[in-house]
Amino acid sequence: MSLGEGDTAALRALAHPVRLQIMSLLTGASLTAAEVARELGITHANASYHLRNLLAADRIVVAGEEKIRGGVAKRYRYVGQHPRGTVAAEEKRELFPVVATELQRRAAAARWPGVDLMGDAEVWVDPGKWREIRDRIAAALHDLHQAAQPSRTPGTVRTSTTIALFEMDDPS
């Protein structure tokens, strides 16, 4: 199966660590390109470029516009995960190295000790139990995205969550 034009755009949109950071920022608040640039310490032009890529790939939405110094600035927002099955397998495979790099960046900023939960497993499970567990984790991820607040909101803590659940081929 080859990637279609939309899938290719989505892959390119996600295949950059800065874009993953932007999507994380836009989970808790709608931001302008200037606000994204300030938060990430990048240029306004660079932030705009990455936002355009994410928008073209339908990974973010325009959440409004506001007048700023005689111009109009768009506010962008990440609205959550794509439903299961809408992202091509090739895209998912290509995304994992980018996510791994982003996880290394986040781990460097982690408070140690302070790991609340970490797990890794390659296991065989009953299909019904697998669906039940996967659905509970998906619901928790949805809840986490809904609870996200703008960066540096007083009374919040900065956290990292990376989840990858998938079935594997039988090696025999």
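The legends below describe close-up views of a predicted model of one protein.

**View 1. The overall arrangement of helices and strands.** The predicted model contains six helices and two strands. Of the 172 residues in the protein, 24% are buried. Among contacts between residues at least 6 apart in sequence, 65% join residues at least 24 apart.

**View 2. Helix H2 within its surroundings.** Helix H2 spans residues 17-28. Ten of its twelve residues are buried, so H2 is largely enclosed by the rest of the structure. The buried residues of H2 are Val18, Arg19, Leu20, Gln21, Ile22, Met23, Leu25, Leu26, Thr27 and Gly28.

**View 3. The crossing of helices H2 and H5.** Two packed helices are described by the angle between their axes and the distance between the axes. For H2 and H5 (residues 89-108), the axes come within 9 Å and cross at roughly 70°. This angle makes H2 roughly perpendicular to H5. The crossing of the pair is right-handed. On the H2 side, the contact is made by Pro17, Leu20, Gln21 and Ser24. On the H5 side, Leu95, Val98, Val99, Glu102, Arg105 and Arg106 take part. Sorted by class, the residues of this contact are five nonpolar, two polar and three charged.

**View 4. The crossing of helices H2 and H3.** The axes of H2 and H3 come within 11 Å and cross at roughly 115°. The two helices are therefore roughly perpendicular to each other. Their crossing is right-handed. Here Val18, Gln21, Ile22, Leu25 and Leu26 of H2 meet Val36, Glu39 and Leu40 of H3. The residues of this contact comprise six nonpolar, one polar and one charged.

**View 5. The largest nonpolar core.** The largest nonpolar core of the model consists of 21 residues. Those with the most contacts inside the core are Ile22, Leu26, Val36, Leu51 and Ile60. At least two core residues come from each of helix H1 (5-14), H2, helix H3 (33-40) and helix H4 (44-56). H2 provides the largest share of the core, namely six residues.

**View 6. The contacts of Leu51.** Leu51 is among the core residues with the most contacts inside the core. When its neighbours within four places in sequence are left aside, Leu51 is in contact with Ile22, Leu26, Ala33, Val36, Ile60 and Tyr76.

**View 7. The backbone at Asp58.** Most residues other than glycine have a negative phi, and most peptide bonds are trans. Asp58, which is not a glycine, has a positive phi near 60°. This residue is placed in the loop between H4 and strand S1 (61-68). Asp58 counts as exposed because its relative accessibility is 59%, and the cut-off for this class is over 50%.

**View 8. The backbone at Arg152.** Arg152 is likewise not a glycine and has a positive phi, of about 65°. Arg152 lies in the segment after helix H6 (127-147). With a relative accessible area of 66%, Arg152 is exposed.

Note on methods: Residues are numbered from 1 along each chain as its sequence is written. This is a predicted model: local features need pLDDT of at least 70, side-chain atom pairs count only at pLDDT 80 or more; totals for chains, interfaces and linings use all residues. Side-chain values use heavy atoms; hydrogens and water are left out. Axes are lines fitted to C-alpha atoms, for helices over the stretch in contact, and angles run from 0 to 180 degrees between N-to-C directions. Helices (H or I, at least four residues) and strands (E, at least two) are DSSP runs, numbered from the N terminus. Angles under 35 degrees count as roughly parallel, over 145 as roughly antiparallel, 65 to 115 as roughly perpendicular and the rest as oblique. A crossing is left-handed if the near helix is turned anticlockwise from the far one by less than a right angle, and right-handed if clockwise. Contact means heavy atoms within 4.5 Å. Ala, Val, Leu, Ile, Met, Phe, Trp, Tyr, Cys and Pro count as nonpolar, Asp, Glu, Lys and Arg as charged, and the others, Gly among them, as polar. A nonpolar core is a set of buried Ala, Val, Leu, Ile, Met, Phe, Trp, Tyr and Cys residues joined through side-chain atoms within 4.5 Å. Buried means under 20% relative accessible area, exposed over 50%, partly exposed in between (1.4 Å probe, protein chains only).
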